[in-house]
Amino acid sequence: MSHPEECTLCRSSNTRRVQSFDTAPIVERWRELYEVEIASEFALLKQFELWTCGDCGLQFFLPASICGSSAVYERLDRFSWYYLPQKWEHWQALADIRGFRPVLEIGCGFGDFIELARTKAGIVVDGLEQNLQAIQTARGRGIVLKASSLEEMVDSSRAKYGAMCSFHGLEHMARPGEFLRQCCELLAPGGRLILGLPSADSFLRLESNILDLPPHHMSRWPLRTIQFLPHLFPLRLLRLAVEPLAEIHVSGYVDAHCRRIARKLFPLANHPALKTRLKKFLLRTGFRKFLKGMTVYVVFERT
Ligand SMILES: [Zn+2]
């Protein structure tokens, strides 16, 4: 893959390879950390690559074939931290979908946002989900989700939706540009597209996180890429907000910053006692609300 590869978002060939990754240590790390076997996700591939686009700024992984199958997500489901109920971005979206009908959430996991919208705002949200185990769990809670893909819906439901939401979906897709194009076809003019995703400008940029790589994540989104979307799709940016540092991310935030300071400046910064103190301080005082967290929340209007 030495010639420029097409950007998976804007299809530009103004791209360059940033880094190659060996698959073997990644497979091993998943076994150690999660007891999850992902070797089959890479098939016989020994390496994959990270590319960046000079036009839209997206960072994307290739080849597309290493995008995680639903089996990966079914195995991650058993961790309580994986599908966190009541995310910050869910509360943001509640206000932004009010008055826009019908609403569709794509990739709704166990249906937590659907439940929140119903109980807190009296808003009915339809849901799509590819993970069959998650569909079953949602059904047990009385939430009926559809297993169909967006692609299947485009013909029958063109310009149907008043609002569409995708929380932590884009970064998992091999072809996010195709997904956004389909969202625009399904949205009625004036409708809202609401996205929540990890910001590549957050503390995630400081070091490589195993879940920020394939087969889990297929792309990384700097804020400038999100702001560039209206140049590629019939969308107008209405709102962009970054989550305050979440309780669950305090540990990762402190570890990443301290390791970086230790590498560049001051080796003692990575001392375990110092990090424990910092984490306790951030968790106890509420100071974390003044720090930038991982998720970026964005609202677009379909033009
Ligand atoms: Zn691009």
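I call a residue buried when its relative accessible area is under 20%. I count a salt bridge when a side-chain nitrogen of Lys or Arg is within 4 Å of a carboxyl oxygen of Asp or Glu. The model is predicted.

Entry 1, a buried charge. I looked up glutamate 243, which sits in strand S9 (residues 235-244). Glutamate 243 is buried but has no salt bridge. Arginine 288 is the nearest side chain of opposite charge, 7.6 Å away. I did find the backbone nitrogen of methionine 294 at 3.5 Å from a polar atom of the glutamate 243 side chain.

I noted 19 in the structure. Arginine 220 pairs with aspartate 212, with closest N and O atoms 3.2 Å apart. Both of these residues are buried. Arginine 259 bridges to glutamate 207 at 2.5 Å between the closest N and O atoms. This pair links distant parts of the chain, 52 residues apart: arginine 259 is in helix H10, glutamate 207 in the loop between strands S7 and S8. Arginine 259 is partly exposed at 32%, and glutamate 207 is partly exposed at 23%. I also found a salt-bridge network of Asp155, Arg158, Glu178, Arg181 and Glu185.

Arg205, Arg260, Arg263 and Lys264 form a positive patch. Lysine 264 belongs to helix H10 (residues 250-264). Its relative accessibility is 59%, so I list lysine 264 as exposed.

Seven of the ten residues of helix H4 (residues 88-97) are buried, so the rest of the structure largely encloses it. Glycine 99 follows H4 and has a positive phi, near 90 degrees.

Key: Residues numbered from 1 in each chain as written. Predicted model: local features only at pLDDT ≥ 70, side-chain atom pairs only at ≥ 80, totals over all residues. Heavy atoms only, no water. Patch = residues over 30% accessible without salt bridge, like charges linked within 9 Å, V, L, I, M, F, W, Y side chains within 5 Å. Areas by Shrake-Rupley, 256 points an atom, 1.4 Å probe, with all protein chains shown as cover. Lys, Arg positive; Asp, Glu negative; His and termini not counted. Charge placed at Lys NZ, Arg CZ, Asp CG, Glu CD. Helix = DSSP H or I, 4+ residues; strand = E, 2+ residues; numbered from the N terminus. Buried < 20%, exposed > 50% of the residue type's maximum accessible area, 1.4 Å probe, protein only. Polar contact = N/O pair within 3.5 Å; in protein donor to acceptor, adjacent residues only side chain to side chain.
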